[in-house]
Amino acid sequence: MPNKTEMGNRIIPYQMLLNSMSTTHELIDKILPDSGLPSLRIGLEEVLSVVRKDIEKAREGLPIVGYHFAFQPEYLKCFDCVPICIEGVSFFLGALLLSGVETYYDLIGNWGHPFHTCSAQKGVMGMSLEDLFKFDAIITPTAPCDSTCASYPFFKLQKKYPLIIADMPFLHEEKSYKYYGEQLKLSLEELGKVIGQEPDFEKMRNALELENDVTKLKMELFDLIKAVPSPIENMFNPISAAATIFISGTSENLSFYQRMLELAKNRYKNKEHHGGEERVRSIWPYMLTFFDISLCEWLDRELGMSILLDIFNYNLSDLIDTKSDSDTLFYGMAKKAMGWPMVKQSSEFYYPFLDDCIRMAKDFSADCFIYTQSIACKQFGAVPQLLREALHDEVGIPMLIIDFDVGDARMTSLKAFKDKITMFVQTLM
Amino acid sequence: MSLNNDPFLNISNSIMNSYVKEWQAKSKKVVGHYCTYIPEELLHAANLLPFRIRSTGNKDTDLADIYMVRFTCSFVRATLDMALRGGYDFLDGLFICNSCDHTRRMYELFDLKVFKRKGFEKKVPRFYIAMPHIITDEGFEWYHKEIEEFKEEIEETYTHQIISDQDLLNSIKIFNKNRDLLRKIHELRIIDAPKITGSEALQMSMSNSSIPKELANQELERILKFLKESEGIKSNVKRIMLVGSEVDSTDFTKLIEDSGALIVSDSLCFGSRNFLDDVHIGDGNNPLKNISKRLYYRLSCPRMMDDYDRRFDFLRNEIDRANIDGVILQRINNCDLAGCDNMLHSHRLKDLEIPVLDLDREFYQADTTRLQTRIEAFLEMIK
């Protein structure tokens with residue numbers, strides 16, 4: 001019988017994540033004043049709490065279930081397991097470790113994985129080659145991208161981890177929600193068989209209700225962000241992404257948004273801006289630089305540029321009807337899943353995405369868009385120019401496009417980002 | 001006599017051809033599609049000419065680069081470029097499915113930038129089929145419903161009458177015959193003294209997807225007869241299997257074959273995957289469902305997420321059957337699907353001690369010397 005340490009060693013990168021979050025939090029707590037990076041402080045506290053519990057659960061021998069970020073973590077609450085977000089681990093270790101996780105990208109790259117696939121998967125793939133993870137099962141939808149569909153079979157074929165796939169259709173229609181709802185149910189049942197547990201859907205229902213409350217808080221928060229100046233600092237965006245994909249369905253997630261809302265309300269009341277003066281209001285319709293999230297703080301303080309929204313922070317789903325029958329429940333879950341950040345934009349045509357961006361630009365009084373085009377996200381590869389034209393024609397604002405790798409500092413460096421944005425901002429003034 | 005300058009094979013050298021012109025001169029419609037998961041038999045039964053979109057000969061992506069970032073597939077960009085320059089103005093319809101992240105966006109780009117460009121007045125209907133990403137019973141039900149809806153849309157847009165089961169059966173027979181002819185020709189390609197080169201086989205496949213199938217069948221019968229009577233290629237060149245991304249230009253296959261090899265088999269979109277199996281006819285009932293079944297359950301392309309083992313088994317069997325000396329895996333840069341399949345193939349083939357070369361390239365031959373050096377070195381390495 002393996003001892004607690006051996007059991008805990010099934011998720012070594014999670015231990016790395018815990019350590020990096022703890023030290024980062026300690027630095028913020030001990031060095032910065034209360035007003036310094038509150039969203040990072042609050043976010044780390046809440047995520048840390050969950051990660052600590054998960055590590056303890058792993059030490060107790062609960063099954064380790066890897067999940068794609070597009071598979072909502074609250075849906076896994078029907079099991080007693082340790083849920084590990086594959087993409088979250090890659091990117092948040094990349095954001096928090098001083099040396100990033102490029103070592104692991106290179107490991108899998110040397111194994112033959114194409115350079116143009118997603119670093120969100122490359123990180124954990126590389127870690128798996130080193131046996132730093134020992135998953136009991138992995139669950140993923142067939143969305144949002146080719147990189148997901150192409151990369152995940154590696155876990156099954158090379159590492160022999162059972163891989164459970166929920167097929168997500170392209171196009172948002174009634175029949176799609178019904179089909180994907182059924183896929184969610186089947187995949188959770190299959191996962192239960194693999195890990196030897198019966199899914200407890202009542203327990204999951206509670207987590208969904210909790211997330212309904214989170215959605216209400218987010219809606220309130222996003223209404224406040226429409227104010228000038230924005231009452232939320234830029235760092236909120238990556239931390240909110242972390243909360244969404246790591247701790248959805250937990251009381252810590254609810255607590256995170258409650259605390260952030262409180263903070264935003266105070267700033268709104270006092271018309272405060274985190275960086276001192278808000279000079280430019282930007283929307284980032286895609287992702288931020290997870291290889292170095294300090295860019296967020298630099299933009300706030302050096303350029304006075306607010307990031308009002310990024311892709312993880314403008315996808316609000318309808319509340320899930322948790323009071324009706326099972327079919328209605330899974331239908332709601334499917335609808336939420338298909339409206340998830342990045343999944344929404346990838347599982348339907350571009351037209352709604354363009355409309356959403358135009359609406360957001362107007363509603364949030366944006367001065368510009370900054371479109372980060374990731375090397376891996378081919379599903380977004382044909383939209384930047386369409387969006388640029390739409391914003392120009394409909395709202396009269398410009399858009400800067402920057403090519404990059406979300407999780408790899410070597411493709412477009414932080415300095416290159418700063419230089420490009422600085423020059424762009426000069427054209428706005 | 002050889003297949004050099006064969007008029008049928010030469011059709012593949014350009015996009016427009018005399019058969020398409022003749023077809024349209026009779027007021028009949030030509031419809032474009034990117035992917036083999038589109039049910040061609042159904043289009044044929046609707047008296048439409050399905051034309052597989054390619055970009056043969058186009059080395060430019062300048063115009064397309066405005067709309068598609070450099071991380072997208074240069075093959076797809078080249079087709080869009082060609083369309084933006086008017087190369088596909090002859091189409092009377094466009095059929096897209098979510099084959100990959102690159103091609104599925106052609107739905108919007110053709111809509112907004114090709115068919116709405118200044119001076120282009122024709123109304124070109126577009127259709128979309130949402131393909132599942134895994135092979136399951138539920139997935140089949142989904143796909144078949146999509147095909148049923150697709151049929152209704154075609155009836156509404158083009159035929160204005162019901163496409164009957166008999167129409168479908170007739171088309172199935174013509175397409176089954178087409179696949180049978182291609183299989184027979186393929187058998188003459190994998191023998192010890194192959195009767196046809198890989199480049200010629202590719203040309204044949206592209207021509208076959210660019211003209212009416214009845215005429216293609218006549219041409220294929222002629223070629224089959226000719227090949228049966230011809231002498232095979234007797235040489236000591238290495239026998240290669242070519243696997244991976246879309247190849248729709250003989251520039252690349254000729255580069256391999258001019259380096260001292262013969263491509264005697266393949267697993268390519270424009271290759272053998274297309275003709276391995278037929279639509280089941282049975283008692284003639286529900287031909288549409290049988291069309292869906294063949295497309296959905298056939299040997300998949302790498303877009304199908306959980307079907308890798310079947311794809312590798314095909315490779316393994318074909319390597320034995322065609323007495324392959326080495327496998328060239330290739331991917332067009334930024335093709336995640338072929339790239340990851342190739343990664344897995346590469347390890348498994350090495351485990352089996354089968355020589356393998358994993359190449360990345362662009363759709364157009366931008367770096368011929370690098371490729372040639374790598375191919376020549378690989379061929380020298382094969383014992």
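Which residue in strand 4 of chain A stands opposite A:T140? I looked this up, and A:I165 is the residue opposite A:T140.

Before going on, I noted that this is a predicted model: local features need pLDDT of at least 70, side-chain atom pairs count only at pLDDT 80 or more, and totals for chains, interfaces and linings use all residues. Residues are numbered from 1 along each chain as its sequence is written, while chains are lettered from A and ligands numbered from 1 in the order in which they are written.

Sheet, chain A. I took helices (H or I, at least four residues) and strands (E, at least two) as DSSP runs numbered from the N terminus. Two strands pair if DSSP finds at least two bridges between them. I found an open sheet of four strands in the order 2-1-3-4, with parallel pairing. Strand 2 (82–85) and strand 4 (163–166) of chain A are at the edges with a single partner strand each, so one side of each has no neighbour in the sheet. From one strand to the next the twist averages 25 degrees. I then checked strand 3 (residues 137–141) of chain A, which pairs with strand 4 of chain A in the parallel sense over four bridges.

Interface. I counted two residues as in contact if their C-beta atoms, placed from the backbone, lie within 7 Å. Chain A puts 33 residues into the contact and chain B 39 residues. On the side of chain B that touches chain A, the elements giving two or more residues are helix 4 (64–67), helix 6 (106–114), helix 7 (137–159) and helix 14 (336–351) of chain B. Helix 14 of chain B gives the most, with eight residues.

Conventions. Axes are lines fitted to C-alpha atoms, for helices over the stretch in contact, and angles run from 0 to 180 degrees between N-to-C directions.
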